[in-house]
Amino acid sequence: MSNILVVLEQRDGKIKRVGHEALAAARGLADAGGGEVHGLVIGGGSVEADGLGAFGADRVTVSTDDSSELYQSEPYAATVADAAQMGDYAALLISATALGRDLAPRVAAKLDCPLAADVTELSYDSGIVVKRPAYSGKATYTLRVTSPLVVISVRPNAYAPLQSDQAGTIGEGSVTAGREGRAVTKEIKQPERAALDVTEASIVVAGGRGLKDAEHFALVEGLAEALGAAVGASRAVVDAGWRPHSEQVGQTGKTVSPGLYIAVGISGAVQHLAGMRTAKVIVAINKDADAPIFKVADYGIVGDLFEIIPRLTDEIRALKEN
Amino acid sequence: MSRFVPADFQPRLPLDRLILSEPPEEERIEMDVLFVGAGPAGLAGAIELAKLVKADNGEISIGVLEKASALGEHNLSGAVVNPRAFRELFPDLGDADFPFSTPVTQEGLYLLSATGARRLPTPPTMKNHGNFIGSICEIVRWLGAKAEDLGVDIFPGFPAEGLLTEGDKVLGVRTVATGLDRDGSELSNYMPPADITARVTALAEGTRGPLSQAYCEWQGLHGKNPQIFALGVKELWELERPLDRVIHTMGWPLPNDAFGGSFMYPLEPKVAALGLVVGLDHPHRSLDVHELLQQLKMHPLFRKYLEGGELVEWGAKTIPEGWFYALPPRRTGDGVVILGDAAGFVDVPSLKGIHYAMQSGMYAARAIFDGLKANDTSAATLSAYDRMVNESYIRDDLYRTRNIRPAFKDGFYKGSIKAGLMTVTGGRVFGKRITMHADADMARGSGGGVEVTPGALTVSKVDAVFKSANATRDNIPSHLIAADDVPADVAEFYSHVCPAGVYEVSGDGLRINAPNCIDCKATDVVGPRWMPREGGSGPAYKRM
Amino acid sequence: MKLAVCIKRTPDTETRIKIAGDGKRIDEAGVKFVLNTYDEYAVEEALQLKERAGSGEVVVVTVGTEASQETIRTALAMGADRGVLLKVDGASIDPLPVAKALADELRGGEYDVVLFGKLAIDDYSHATGPMVAELLGVPCVSAVAKLEIADGKGTAEREIEGGVEVVEFSLPAVITADKGLNEPRYPALRGIMMAKKKPLEVKDVALADGGLEIVELALPPERQEGRIVGEGADAVPALIDALRNEAKVL
């Protein structure tokens with residue numbers, strides 16, 4: 001098999017974790033098929049691209065231009081397409097982030113090759129084979145690539161970053177950069193604390209009667225903020241007037257299917273379970289070990305939420321800052 | 001309170017909301033004929049009318065309003081279907097073309113005890129040779145496509161909330177507003193009601209239709225007996241072990257003083273419909289059809305099929321059971337006809353109503369067509385529909401078995417003997433009308449409840465509502481009208497009557513979870529009133 | 001203002017998925033099909049843009065089978081002016097052939113803005129909008145939650161991880177709509193009646209060959225039995241480890 005080119009996403013000059021994950025995905029594929037992994041970083045003035053060998057890259061190219069500090073769809077796509085045509089590549093990997101989901105289809109159209117989006121598993125079996133979820137995660141496609149080049153966007157968290165002693169070679173500015181686009185990203189605003197809708201969020205932190213008081217919902221809000229999650233509530237606390245009806249999860253409230261659902265002080269009445277049991281991963285935190293919520297939970301902690309939640313919030317914050 | 005009569009706590013039907021006498025909006029939509037309800041009656045009527053118009057080279061506008069967001073989503077039936085009306089409506093098609101799953105080949109009627117099942121001879125009225133098993137959802141979608149092919153305009157997601165009237169004449173209907181918040185204020189996507197006028201309005205609302213009820217009450221159209229109802233709770237199962245026959249049962253787990261029975265029909269060898277139907281005239285406060293169905297599933301007869309299987313859908317609906325003597329004396333008026341279940345065309349001994357519903361729609365279409373041709377849609381002209389029904393097999397079938405259901409008012413065993421005698425004599429024994437009381441007038445005492453141990457085969461009410469695919473917007477205004485200060489005993493009664501957990505006892509009173517409602521109308525019969533609400537609310541049945 | 005909206009007929013989100021006998025598609029029996037949720041936002045936005053401009057045309061375009069006519073009618077009932085069905089025999093799991101068919105239809109149409117939903121809830125590819133933009137050679141902003149257009153240019157906001165990107169663009173452009181862009185209107189009864197009389201053109205097209213072959217469509221594995229990771233606050237590290245490395249959701 002030929003080589004694999006990985007577009008490494010950076011923010012403020014630092015390679016993001018999703019970039020390391022994409023390298024791990026590429027490394028596995030290259031080792032199976034026999035080929036090299038090349039990285040491509042597009043960014044502004046300076047980019048920290050050292051040490052990517054340890055994450056699985058054989059060679060890294062950095063393309064910098066002042067106008068490329070923020071993501072610009074057309075110049076980025078042109079740069080990636082140029083890089084792709086300069087080597088003998090079988091696949092082009094891009095992280096399926098907000099950036100990658102915009103960039104990958106553009107690049108695929110430019111290169112006139114197929115796109116396998118939001119891929120969770122890559123393998124080599126006399127050709128590239130990928131798995132990707134569809135139908136809101138209710139089914140998974142296995143697809144075989146039949147063209148010489150394919151663009152693949154890799155879902156965040158699907159692969160864990162590698163750690164090895166390899167160094168990798170860094171080449172710089174070997175592809176053109178700095179073209180004018182007709183859509184120009186001007187800035188990145190910090191999100192307003194507009195409440196994320198509970199049905200749309202990929203993470204939901206929901207609170208129940210175990211919080212004992214409306215004021216204690218600040219704990220749930222704090223954890224939700226740390227996770228970038230939406231706040232949900234059980235019917236009991238909505239009926240008690242602690243939370244607005246728009247946050248109610250359950251039979252008479254919203255039905256949610258997030259990737260992660262954390263139930264805090266919720267016993268798990270069936271009517272609540274009916275609204276959240278399609279969540280991919282369910283975490284329950286409750287002092288009652290016999291609470292029905294533990295029956296549907298993937299992970300549980302039995303204990304005092306007033307101690308557990310602050311600690312969990314702190315550790316999540318620390319993790320995010322890393 | 002040890003005993004109470006539900007009628008004492010039942011609000012009156014709000015005729016002022018359902019019968020509107022102000023003139024229609026200027027922005028109204030005008031049609032020639034409007035069917036209210038896209039079930040078998042309304043759709044068969046629309047199809048027959050469109051065919052008559054086409055054969056006559058005419059052109060008229062025919063509309064069908066439906067409260068569900070898509071065709072079939074509010075339809076629920078057993079169902080074993082008599083293909084007679086299909087054959088008459090589609091003479092060019094054969095049985096294999098109709099939307100049925102499979103013909104009935106074997107059937108068995110069983111009398112159950114808690115552990116045993118005794119096979120009974122199948123009474124002639126229950127014989128199903130030549131009939132077909134089908135899903136009413138699929139039947140309705142199929143009929144809807146046929147109607148649209150003929151140019152009928154079908155509007156899913158538009159319930160009617162009131163009849164537009166002038167004098168005694170029906171002018172059309174007003175639809176329900178959408179986009180209201182819980183407190184009645186308008187949301188950003190609020191859409192006001194629309195008035196639709198028509199030369200004839202055909203009420204095909206199905207069981208316990210509010211407009212049909214309101215029209216009959218307004219016009220004083222009461223049958224010799226009051227209309228009575230049963231509640232059917234139904235589940236759809238995917239089975240590990242194939243089912244090869246139609247099963248009906250009587251007896252356990254019902255108490256002796258409740259009328260009803262169960263059914264299990266194979267839609268496919270490994271997909272079965274299972275349900276329990278119980279008359280709402282039982283004397284109990286705690287009788288709960290949903291819970292009884294859960295208990296029924298524990299019986300070895302059903303258990304052996306269900307174990308290892310999966311519950312895929314759940315739903316419930318009332319069935320008019322008063323039949324012959326409960327029919328309104330006329331089903332026609334100035335500019336209006338009443339069809340199908342809304343009129344009460346159901347034959348209880350044979351457990352059938354779909355072909356009567358379709359046939360009534362077809363007869364009404366013929367009367368309407370003649371009325372349009374003569375430019376006269378008065379009660380006198382439309383009464384041709386009543387005559388056609390009275391001279392048809394609908395009347396004959398219902399008359400033959402006219403007293404069978406009433407016979408059971410004294411309980412199961414006495415009722416069975418009387419019913420058996422009536423069946424063999426074509427209704428001549430006990431031929432005199434047996435007087436019935438309305439369900440709400442039957443006093444209720446404590447008891448009738450069952451304790452069901454949750455297990456792999458059972459489903460709680462909340463989970464059941466989930467399986468009905470009910471996705472009602474949870475901030476819509478409540479559509480249920482309950483009396484103020486409902487005592488706890490009565491609240492408990494409602495909580496058992498309602499299969500969907502809409503009513504709960506809360507402290508000393510009643511708590512209403514309106515978005516749970518799946519439009520079965522059971523409590524409308526004996527308690528709080530069901531009113532039309534935003535289109536698309538309620539269940540979304542796929543194959544019930 | 002001349003606007004096009006590219007839409008798709010997809011199964012309802014509530015649909016229970018069953019795999020067809022060939023193991024490569026869903027079993028469509030009993031499945032309810034609707035206008036893709038995100039496309040509703042796109043249609044609504046197009047209608048609002050036209051209303052604000054005071055004049056113009058909203059054209060809905062879809063690639064699909066005969067059944068997609070119903071989906072077009074839904075958009076027409078909301079208020080779109082006319083529809084085009086690019087009729088194909090089957091679907092393509094590779095989004096590029098679909099994007100090419102759409103681009104061929106849109107090219108030369110002199111549209112100011114072409115709108116899409118940010119993704120189709122069946123394939124989840126997030127792809128067709130940016131691909132069409134590339135094929136037409138126009139700028140694109142995807143997953144837009146806020147949009148302002150005036151005097152031949154526009155500003156869009158799109159949610160990214162940990163922030164909101166503000167993008168300025170010139171017209172013509174492609175926009176893909178995210179939830180939150182607007183609150184789609186209900187089709188009114190009159191709108192539904194009028195929709196039946198609006199023009200709907202059906203064109204037979206043949207999709208180019210894609211570069212992906214479906215090996216299998218399968219249901220995800222059964223949920224595994226859960227476990228208690230520990231008691232009290234001391235169990236937090238174990239929970240985080242499980243979420244990161246086992247469940248891979250952090």
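Residues are numbered from 1 along each chain as its sequence is written, while chains are lettered from A and ligands numbered from 1 in the order in which they are written. The model is predicted, so that local features need pLDDT of at least 70 and side-chain atom pairs count only at pLDDT 80 or more, whereas totals for chains, interfaces and linings use all residues.

The predictor assigns the complex an ipTM of 0.91 and a pTM of 0.85.

Between chains A and C, 69 residues of chain A are in contact (C-beta atoms, placed from the backbone, within 7 Å) with 69 residues of chain C. On the side of chain A that touches chain C, helix 3 (residues 98–111) gives the most, with nine residues; helices (H or I, at least four residues) and strands (E, at least two) are DSSP runs numbered from the N terminus. Strand 10 (residues 139–145) of chain A and strand 12 (residues 212–218) of chain C run antiparallel and are joined by six bridges, pairing of strands requiring at least two DSSP bridges. Within strand 12 of chain C, C:Glu216 stands opposite A:Thr142.

Leaving aside neighbours within four places in sequence, the contacts of C:Val5 include C:Ala42, C:Val58 and C:Leu115.

Terms used
Contact = placed C-beta atoms within 7 Å.
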